[in-house]
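Biologist: I have the sequence and the model open. Can you walk me through the helices?

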Amino acid sequence: MWQAPALGLAAEAFLMTVSQNSGLLRDARIIATVLGALVALMSMQLMAKHRSISRRDDRALSQLEKKIGVSSPFEEISPPGGLWAVKISSYQLWQTGLLLFVLTNLGLLIFLATSAKVLSF
């Protein structure tokens, strides 16, 4: 589940570097910015889909355990406590981080699209 967002972050790093390179044509920078936003959105969608499928599988396994009369070994294990970092949802944290990349790319896109007009006056 986590490989796709990690690869997406590598793509983001490359595309952010391209979009901020003032030595490149503005059109190339705009394309890199749009692609960066798309990569982040695709990573968010893929994570959401994987999470949904994983939760479906958890429900199916739970129903099967009840049907055959087997208790889940996870019922006896209490969730970890302690550090705040363990208590927050990694899924929500990653979705928020990826959304920040989308917003950053959109901000860069607006800047790049309007900067030529501003500088030409």
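Modeller: Start with helix α1, residues 3–19. At 1.5 Å a residue its 17 residues should span 24 Å, and its end C-alpha atoms are 24 Å apart, which agrees. The expected span is 1.5 Å times one less than the number of residues. Helices here are DSSP runs (H or I, at least four residues), numbered from the N terminus.

Biologist: What kind of model is it, and how are residues numbered?

Modeller: This is a predicted model, where local features need pLDDT of at least 70 and side-chain atom pairs count only at pLDDT 80 or more, while totals for chains, interfaces and linings use all residues. Residues are numbered from 1 along each chain as its sequence is written, and side-chain values use heavy atoms, with hydrogens and water left out.

Biologist: Back to α1. Which residues are buried?

Modeller: Pro-5, Gly-8, Glu-12, Leu-15, Met-16, Val-18 and Ser-19 are the buried residues of α1. Buried means under 20% relative accessible area, exposed over 50%, and partly exposed in between (1.4 Å probe, protein chains only).

Biologist: Where do they sit around the helix axis?

Modeller: Seen down the axis of α1, the buried residues fall within an arc of 145 degrees, so they line one face of the helix. The arc is that of the directions from the helix axis to the C-beta atoms. On the face turned away from that buried side, α1 carries the exposed residues Gln-3, Leu-7, Phe-14 and Thr-17.

Biologist: Why would residues a few places apart point the same way?

Modeller: An α-helix has 3.6 residues a turn, so residues three or four places apart point the same way.

Biologist: Pick one of the buried ones. What does Met-16 touch?

Modeller: Met-16 is buried, with a relative accessible area of 13%. Leaving aside neighbours within four places in sequence, Met-16 is in contact with Phe-101, Thr-104, Asn-105 and Leu-108. Contact means heavy atoms within 4.5 Å.

Biologist: And how does α1 pack on α2?

Modeller: α1 and helix α2 (residues 26–68) pack at an angle of about 165 degrees, with their axes 9 Å apart. Axes are lines fitted to C-alpha atoms, for helices over the stretch in contact, and angles run from 0 to 180 degrees between N-to-C directions.

Biologist: Parallel or antiparallel?

Modeller: That angle makes α1 roughly antiparallel to α2 (under 35 degrees counts as roughly parallel, over 145 as roughly antiparallel, 65 to 115 as roughly perpendicular and the rest as oblique). Residues making the contact include Ala-4, Ala-11 and Leu-15 of α1 and Ala-28, Leu-35 and Leu-46 of α2.

Biologist: How many residues does α2 have?

Modeller: α2 has 43 residues and reaches 63 Å from its first C-alpha to its last, close to the 63 Å expected at 1.5 Å a residue. Its buried residues include Ile-30, Met-44 and Glu-65. After α2 comes Gly-69, whose phi is positive, near 80 degrees.

Definitions and conventions
Helices (H or I, at least four residues) and strands (E, at least two) are DSSP runs, numbered from the N terminus.
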